[in-house]
Amino acid sequence: MTLVLSVLEQGMIYAIMALGIYITYTILDFPDLTVDGSFPLGAAISAVLITKGVNPILTLLISFLAGVAAGTLTGLIHVKLKVRDLLSGIIMMTALYTVNLRIVGRANVPIYNMTTLFDNALVKKIFTGSLAPFANTIIILVITLIMKFLLDWYMSTKSGYLLRAVGDNETIVTSMGVDKGVIKIIGLAIANGLVTLSGCIFAQQQRYFDISMGTGTMVIGLASVIIGISLLKKVSFIRVTTSVIIGSIIYKACVAIAIKLGMPSSDLKMITAVLFLVILVLGMDRKKRKKVA
């Protein structure tokens, strides 16, 4: 049961990050490596604010806004300075490494025995008895669903439709008299806001911040998006955002099973890389079969 709850918790936390990558990778077709810096940005802000006694719920909003700022800067570098999309993300990712160190002051900060989203008076009051072991899972589920429904709502607005249009055909958006660059910046801002929010929750769930916790975030998010979309694309009644969340949980389950079967936790990055490679190869095979058909 402990393993299942752990998979669900981390799967849903990373699902919030994967929703952000879904915007950049699937909708905008923008390989945004900023996420490897914005994920630990949320963790860094969360750790520092919690050590200073700030309400953990407020850390969610502050982290999200910090991610929006990071995504906006990536967008400005790409749109206004005409830097290629991949390079724009690399530049921001590199800059955020120093920013995160400056925010925290050191490479690792524990937040044990401090008030967090999962350890506070209200949580202890609500989740008592048999509900206590499920407290973290329920809290993460609520936050994940809120972000999913907010993203679904946004994608149904005019701005959301324009965002999808920019990813599909920039020429049409330009012919409508809309600045495609502004739409890209908005998309990158929202995406990195979600990624940073995910990092904030992750730090509070793990009870520490580490400067290296963002390494491989892009790969994990892409794997989650591709798994979810590939497996559930034929299920018409499930929204894409739901597929991404399910994909993230499946991905974390695969990693947990690999470790359970005897692979050392130090090989986690290798497991991630192999899983991602397998997913990409399977995805390419399906595309080839479609073209042949």
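Guide: I186 counts as partly exposed because its relative accessibility is 30%, where buried means under 20% relative accessible area, exposed means over 50% and partly exposed lies in between (1.4 Å probe, protein chains only). I186 sits in helix α9, and helices here are DSSP runs of H or I with at least four residues, while strands are runs of E with at least two, both numbered from the N terminus. This is a predicted model, in which local features need pLDDT of at least 70, side-chain atom pairs count only at pLDDT 80 or more, and totals for chains, interfaces and linings use all residues. Residues are numbered from 1 along each chain as its sequence is written, and side-chain values use heavy atoms, with hydrogens and water left out.

Back to α9. Between the C-alpha atoms of I186 and G160 there are 9.7 Å, and the two residues are 26 apart along the chain. K184 also belongs to helix α9, but K184 counts as buried because its relative accessibility is 14%. The side chain of K184 has a partner: a polar contact of 3.0 Å links it to the side chain of E170. A polar contact is a pair of N or O atoms within 3.5 Å; within protein, one must be able to donate a hydrogen and the other to accept it, and residues adjacent in sequence count only if both atoms are side-chain atoms.

Helix α6 gives the largest share of the lining, 10 residues. What kinds of residue make up the lining, by class? There are 23 nonpolar residues, two polar ones and no charged ones. Nonpolar covers Ala, Val, Leu, Ile, Met, Phe, Trp, Tyr, Cys and Pro, charged covers Asp, Glu, Lys and Arg, and the others, Gly among them, are polar.

Now follow the pocket's other helices. Helix α3 (residues 56-79) has 24 residues and should span 34 Å at 1.5 Å a residue, which agrees with the 35 Å between its end C-alpha atoms; the expected span is 1.5 Å times one less than the number of residues. At the start of α3, a side-chain oxygen of N55 comes to within 2.8 Å of the backbone nitrogen of I57. In helix α5 you will find K124, which is exposed because its relative accessibility is 56%. The side chain of K124 has a polar contact of 3.4 Å with the side chain of D119.

Most residues other than glycine have a negative phi. K82, in the loop between α3 and α4 (85-104), has a positive phi of about 60°, and K82 is exposed at a relative accessible area of 69%. D29, in the loop between α1 (2-27) and α2 (35-51), has a positive phi near 55°, and D29 is exposed at 56% relative accessibility. Helix α2 itself is largely enclosed by the rest of the structure, because 16 of its 17 residues are buried.

Finally, step back to the protein chain. It has 12 helices and two strands. A compact globule of 293 residues would have a radius of gyration near 19 Å, and the chain's 19 Å agrees; the radius is taken over C-alpha atoms, and the globule rule is 2.2 Å times the number of residues to the power 0.38. The C-alpha atoms fill a box of roughly 60 × 40 × 35 Å along the principal axes, and buried residues make up 48% of the 293 residues.
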